[in-house]
Amino acid sequence: MIKLNKILTYLKYFGLFFIFIIVIAVITSLINLTGIKSVTISKLSVILTAISFFVIAVLASHQTKERGITLGLKLGLSFVILLTLINLIVFRSPFNIDRLIYYIILIASSILGGSFGKNIKFKKSKR
């Protein structure tokens, strides 16, 4: 029962991850229509994706008993593995050094988010 609960929790974060990715794709597509250089848009996409990894790790680590670094690493690695599989299977894009650096940035962002989420105190509203 505990394993099933943990799996459902991870699936919730995968769903949140996909929502973030779709929103980022829509935002960058809309910005692309404005005529901004594609280099700027790709950098913005990396920044927004790293922020989404950070936010998901903050939310996940705040709601668990696990260490923040460990949870951030688990989430970051699982998201990166999923992104790698999607890129290799769907888009047939080759794996290169730029993509490796991108994935390292995303994992580092997730680890930082996990550590930050474990140490932050959210205010609870009184009703």
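Select helix 4 (97-119). In this predicted model, helix 4 comprises 23 residues and spans 33 Å from its first C-alpha to its last, close to the 33 Å expected at 1.5 Å a residue.

Within helix 4, now display the side chains of Tyr 103, Leu 106, Ile 107, Ser 109 and Ser 110, together with Gly 113, Gly 114 and Gly 117; these are the buried residues of the helix.

Next, turn to the largest nonpolar core, a set of 15 residues. Phe 53, Leu 75, Phe 79 and Leu 106 have the most contacts inside this core. To see where its members come from, colour helix 1 (2-32), helix 2 (38-62), helix 3 (68-89) and helix 4 (97-119) separately: each supplies at least two residues. Which helix gives the most to this core? Helix 3 does, with five residues.

Centre the view on Leu 75. Setting aside neighbours within four places in sequence, Leu 75 is in contact with Tyr 10 and Tyr 13, with Ile 56, Ala 57 and Ala 60, and with Ser 110.

For the last stop, select Thr 70, which lies in helix 3. Is Thr 70 buried or partly exposed? Thr 70 counts as partly exposed because its relative accessibility is 31%, between the 20% and 50% cut-offs. Finally, draw a C-alpha to C-alpha distance from Thr 70 to Ser 115: the two are 45 residues apart in sequence and 8.7 Å apart in space.

How values were computed:
Residues numbered from 1 in each chain as written. Predicted model: local features only at pLDDT ≥ 70, side-chain atom pairs only at ≥ 80, totals over all residues. Heavy atoms only, no water. Core = buried A, V, L, I, M, F, W, Y, C linked by side-chain atoms within 4.5 Å. Buried < 20%, exposed > 50% of the residue type's maximum accessible area, 1.4 Å probe, protein only. Helix = DSSP H or I, 4+ residues; strand = E, 2+ residues; numbered from the N terminus. Contact = heavy atoms within 4.5 Å. Expected span 1.5 Å × (residues − 1).
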